[in-house]
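User: I have a structure open and would like to go through it with you. Could you take my questions as they come?

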Amino acid sequence: MADRGVNEPVPVARSSTGSFLGKAVGVIILLGLAVMIGLWGVQRYVERRLSPDPTTVASASLQGLREQNRLSAFAARFVAVSTSRQSQLGLSTEKTLIMPGLVRYEVDLGKLTQRDVAWDADTRTLSVRLPGIELDGPQVDLTAIREYGTGGILSHVTDADTRLDAANRRAGQAELVRQARDGAPMKLAKDATRRAVESSFAMPLRAAGIDATVKVSFADDPVASTERWDASRSLEEVLGNAR
């Protein structure tokens, strides 16, 4: 066999160990990424399943309120005093009526819809817009009515007493309603109704572990310039998109 030259390169056998290790490391990295993606997906699924959705809780509360039909969170007692006069045949007579009555302030919850409840995820605020306050009554306490009159001949020879009584009762009813619609009792009624409805929504949210603020307004309230209603999404929009 001829001797190799001094400068002739000597062949070296290549080892596949380095290539194998490189491929193994790549596979391990890919497997790690797959595991991480899988765990992330599982976490998202668990969060969706186990974390309560504020709109779902609010929708259930809304349904519960609607089933109550009407809410009466405030009542007030008023007293009307009216005086009527009758003149006939050159004679006159008058009677004064003192009429107490009870007025209840109600909200028709059956008018509430999903459009009236909006969730603002940025501020975590649930806004509820109620129909206007309605009056139930007045319920007149007939046993407490008092009448005072001058009497006289006219009361005995004509039906002046009957007409005076009817006029006083009509005036008394109108006066009771006027007093009930006054600003002070209406404010008290709205405040009481607002607290009751806020509690009806806030308690289920709190029980579900959701930190949220509930704000209740009325359809006839003046709209504040800083109102964020347009930035919120009503339950109708949220639940409609989820379907």
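User: Where is P138 found?
Analyst: P138 is found in strand β5, which covers residues 134-140. This is a predicted model, and in it the peptide bond from G137 to P138 is cis, with omega near 10°.

User: Since it is predicted, what pLDDT does the protein average?
Analyst: The average pLDDT is 76, and 64% of the residues score at least 70. Over residues 38-50 the pLDDT is below 50, and this stretch has one contact in the model beyond near neighbours in sequence. Where pLDDT is low, the predicted coordinates should not be read in detail.

User: Noted. How many helices and strands are there?
Analyst: The protein holds six helices and eight strands. Starting at the N terminus, the order of the elements is α-α-β-β-β-β-β-β-α-α-α-β-β-α.

User: And what share of the residues is buried?
Analyst: Of the 243 residues in the protein, 30% are buried. As for contacts between residues at least 6 apart in sequence, 82% of them join residues at least 24 apart.

User: Which residues have the most contacts inside the largest nonpolar core?
Analyst: They are Y105, L126, V128, L130, V197, F201 and V214, in a core of 36 residues. At least two core residues come from each of α2 (54-68), β1, β2, β3 (117-120), β4 (125-130), α4 (160-180), α5 (183-207) and β7 (213-218).

User: Which of those gives the most?
Analyst: Helix α5 does, with seven residues. The buried residues of α5 include M186, A189, V197, F201 and L205. K190 and T193 of α5 are buried as well.

User: How far apart are the end C-alpha atoms of α5?
Analyst: They are 36 Å apart, which agrees with the 36 Å that its 25 residues should span at 1.5 Å a residue. After α5 comes G209, with a positive phi near 80°.

User: What about α2, how far does that one reach?
Analyst: Helix α2 has 15 residues and reaches 22 Å from its first C-alpha to its last, close to the 21 Å expected. Its buried residues are P54, T55, V57, A58, S59, S61, L62 and L65.

User: Take S61 from that list. What is it in contact with?
Analyst: Apart from neighbours within four places in sequence, S61 is in contact with S200, F201 and P204. S61 counts as buried because its relative accessibility is 10%, under the 20% cut-off.

User: Now N69. Where is it, and what is its phi?
Analyst: N69 lies in the loop between α2 and β1. Its phi is near 70°, a positive value in a residue other than glycine. At 43% relative accessibility, N69 counts as partly exposed.

User: Changing topic: how many aromatic pairs does the structure hold?
Analyst: It holds one. F74 and Y105 form a tilted pair, 5.4 Å centre to centre with 50° between the planes. F74 lies in strand β1 (residues 70-88) and Y105 in strand β2 (residues 91-108), so the pair ties together parts that are 31 residues apart in sequence.

User: Are F74 and Y105 buried or exposed?
Analyst: Both F74 and Y105 are buried. Y105 is also one of the residues with the most contacts inside the largest nonpolar core.

User: How many bridges join β3 to β4?
Analyst: Four bridges join these antiparallel strands. A118 stands opposite S127 in β4.

User: What is L164 in contact with?
Analyst: Leaving aside neighbours within four places in sequence, L164 is in contact with S84, R85, Q86, T93, E94 and K95. L164 and E94 are 70 residues apart in sequence, and their C-alpha atoms are 7.2 Å apart in space.

Conventions:
Residues numbered from 1 in each chain as written. Predicted model: local features only at pLDDT ≥ 70, side-chain atom pairs only at ≥ 80, totals over all residues. Heavy atoms only, no water. pLDDT = per-residue confidence, 0-100. Contact = heavy atoms within 4.5 Å. Phe/Tyr/Trp six-rings, centres within 6.5 Å; stacked < 30°, edge-to-face > 60°. Buried < 20%, exposed > 50% of the residue type's maximum accessible area, 1.4 Å probe, protein only. Core = buried A, V, L, I, M, F, W, Y, C linked by side-chain atoms within 4.5 Å. Expected span 1.5 Å × (residues − 1). Pairing = 2+ DSSP bridges.
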